[in-house]
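Open the model in your viewer and keep the selection tool at hand. We will take a short walk from one stop to the next.

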Amino acid sequence: MTIILGILLAALVVLVVALPFLREPSVEDDRLDAPGEDEVRRLGLVEERDRALAALKELEFDHRAGKIGDEDYRELVGPLRQAVAGALRAIERDRRYVQDMTAFETPDLPAEPVPPPDEGSPPVPQPVTEPYPPPDEGTLPAPASVPEPYPPPDEATLPQE
Amino acid sequence: MADLGRAALVVSLGLSVYALVAGTMSARTNRRRLAASARNALYCSFGSTLIAAIVLATALVRHDFSFAYVAAHTNRTLPTAYTLSAFWGGQEGSLLLWLLVLTGYGALAVALNRKLMRDLTAWVVPVLGGIAAFFGFVLVAVASPFDTQTAPLDGAGLTPSLQNPYMVAHPPMLYLGYVGLSIPFAFAAGAMLSGHTDERWIVATRRWTLAAWAFLGFGQLLGAHWAYVEVGWGGYYAWDPVENAALMPWLAATAFLHSVMIQERKGMLKVWNMVLVALAFELSVFGTFLTRSGVVNSIHSFAKSPIGSWFLAFVVLSTIFSLVLIMWRLPLLKARTKLESALSREAAFLYNNLLLVALCLTVLWGVLFPIVTQLVKGESRTIGRPYYDFFLRAFGLPLLLLMGVGPLIAWRKTSVRALARTLAWPLVVTVACGIALAFAGAGSSKPGLIAYTFSAFVLASIVLELVRGTRVTGSVFTLIARNRRRYGGYIVHAAIVLLAIGIAGSSAYGRSKEVRLIPGQSTSIGGYTLTLRDVRRTPTPNAIETRAVFDVSGRWHGSLSSGDNQYFFPPEPSREVGIKTSWLRAEDLYVIADDVNLKTKVVYAKILVKPLVNLIWIAGIVFLLGSAVALWPDAREQRRLVARLAPARA
């Protein structure tokens, strides 16, 4: 009995282990679905964006909670906003680049057939999701009202040309 | 049935080896079906190990003494719960539990991440397969729980000290922790092997690390309580090598949990995080080597066995593997940002990391010292309690202080003025507490007073953080729900504070007295008066119980008994202490009747009063609560992760 159970167990596991080959005995594409160069780059950019957004949100929260003074806040918020904007721009640039490269590499295909004017309503574009909110945080709190440091005191007194 | 158990283990070993070899080949050559096959082998390895575990559990419940393991660790009079706990009461069974948890964790972690992180899991499978193959090999070739014999009429029984409810839960908790550290290690190794050292491995293992860390921490507290009520020497932690073996990976994992936040926020400390993950894993295996090799003397050790050398070889090989991997991938692990200020949250985390790792390595040196002296001088020299206590104060007290300062500092940068403003209230509370405690007499122990005042500082800073956060969000529940990890962490900090107060209170302000009494004689200590009423001997089905009975008056009125049990199976004595807990003061009256002479009725006893000791056990519950909050799944976080990785799946 025990031997039979052992043999059954061995047969069963061989079956399960061989299952991917039994299901698809021959396939055209047996490559592992690993991210390519473009995808790795995109992941890095998205990470940068999320990191910058999280840092900005954290700063806003800390400032509203009173952990950071106005002076420190003013000093830190500018570079962080720039970092967020830079990360978003980089993602957009990368997206366009990939699109352009894909279009460049795509072989000549017949143009999409244009639907006749009386066939239904025109297609509605897909909504684009906002990159917010950043990881680990909920909704972005409203920025605190802090007087802008500009114009710097010495610039304000500069003589007009 | 033993044949089925053996066959299941052999199959499990074969599957693990297949997962290692086929997984490596598929990841190297980028072959999808082979990778899926290796993954299936890992799943089946868990199934096969589960069958082996069921066979052993069935044999235990059925008292099948033809299994040498069952006969060696149970007998017919053993209650069912302890009979089942004998599964991990012996070496072979506990190794089987380790393999079961490892393959179970591994299968689940791979299954959960296989779609989002295919490139990573392709390498995680062979790493987990390699670890499982080692344990499978030890179980099949060196220490099998399925060795058979001619069945004796009854078994030898379970060691008396293991017949305790805490021992039903303590070892599995520790294993869930030890083995859980394999998952972040496997993903970190997978990230390095694949060359994709982005944050995905951290995202994938965040909860696994936290869960393993929580199990390990709570398991240690359960073990400490077991030692307190069962071993009967009046303490809860003796810096025993095997106790230290669980503490070291926990310290390394604590450091990792903090430093990984810096990587998430700033993209820094990538190499350091890899080192910490590897260190935590290696220390967990090293701990197992210590417990099982017999190289150190400990009440917790298993009997000396040949598996020690196998474990040592595995620790050495896996350490070399980790180091080579980190060195190889150093260029990929370079940070792109720098620490902006020494007064910032990330800097506080860094100081915390240095202290935690320093404490961990100090403990490691204390554990290794007898082995090193044995090798160098030919005689084993043990490091005593003063060494550990000194370093616990030297590193632990600054750590406690940092736990209060860290949450109050902002990320990136804080000006001295802003920091002084933030720290003002907690400092006022701390100074007020310090003065009040000094007036109350706590100044008799300087480390105790420092620990108390630092604890007050940490609690004040946590309260301040909660109040400030609540002002912004409008509700404390919203605040915690929005960032469970941070506020769950603060609850854990509160637990550590309770632990610190409990340890300081019971060790620095405890009282003890050794007495010789005959019936009718009394002794007083810490507001309690104990009068020896009688001595008695009671035979029970399992043991002969000898007790000295004391009438207690003063702070509490009642009776306490203490003595020993002489068990029949196995024929071993077990010390039984008398404990009266005052929950209002979190204090224990602890009586150890060392020697009870039934003829002369003379009793030699040690009586201890341990103030605040029960805060340590309450800390365990708070620790679990904080860990649960931090671990609680966050649907928004999951959606964001899926959105981030979505194109990778396409």
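The stops below cover a helix and then some aromatic rings.

This is a predicted model, in which local features need pLDDT of at least 70 and side-chain atom pairs count only at pLDDT 80 or more, while totals for chains, interfaces and linings use all residues. Residues are numbered from 1 along each chain as its sequence is written, chains are lettered from A and ligands numbered from 1 in the order in which they are written, and side-chain values use heavy atoms, with hydrogens and water left out.

**The helix.** Select residues 416–439 of chain B, helix α15 (helices are DSSP runs of H or I, at least four residues, numbered from the N terminus). Now go to Ala424(B), where α15(B) bends by about 45° (the angle between axes fitted to the seven residues ending there and the seven starting there). Pro426(B) follows within four residues. Among the buried residues of α15(B) are Leu423(B) and Pro426(B) (buried means under 20% relative accessible area, exposed over 50%, partly exposed in between, with a 1.4 Å probe and protein chains only). Just after the helix, Gly441(B) has a positive phi of about 100°.

**The rings.** Next, show Trp365(B) and Phe369(B), four residues apart in helix α13 of chain B. Their ring centres are 5.6 Å apart with planes at 75°, so the pair is edge-to-face (centres within 6.5 Å, using the six-membered ring of Trp; planes under 30 degrees apart are stacked, over 60 edge-to-face, the rest tilted). Trp365(B) is partly exposed at 41%, and Phe369(B) is partly exposed at 23%.

Finish at Tyr228(B) and Tyr236(B), a tilted pair with 6.4 Å between centres and 55° between planes. Tyr228(B) is buried at 1%, and Tyr236(B) is buried at 12%.

Terms used
Helix = DSSP H or I, 4+ residues; strand = E, 2+ residues; numbered from the N terminus. Expected span 1.5 Å × (residues − 1).
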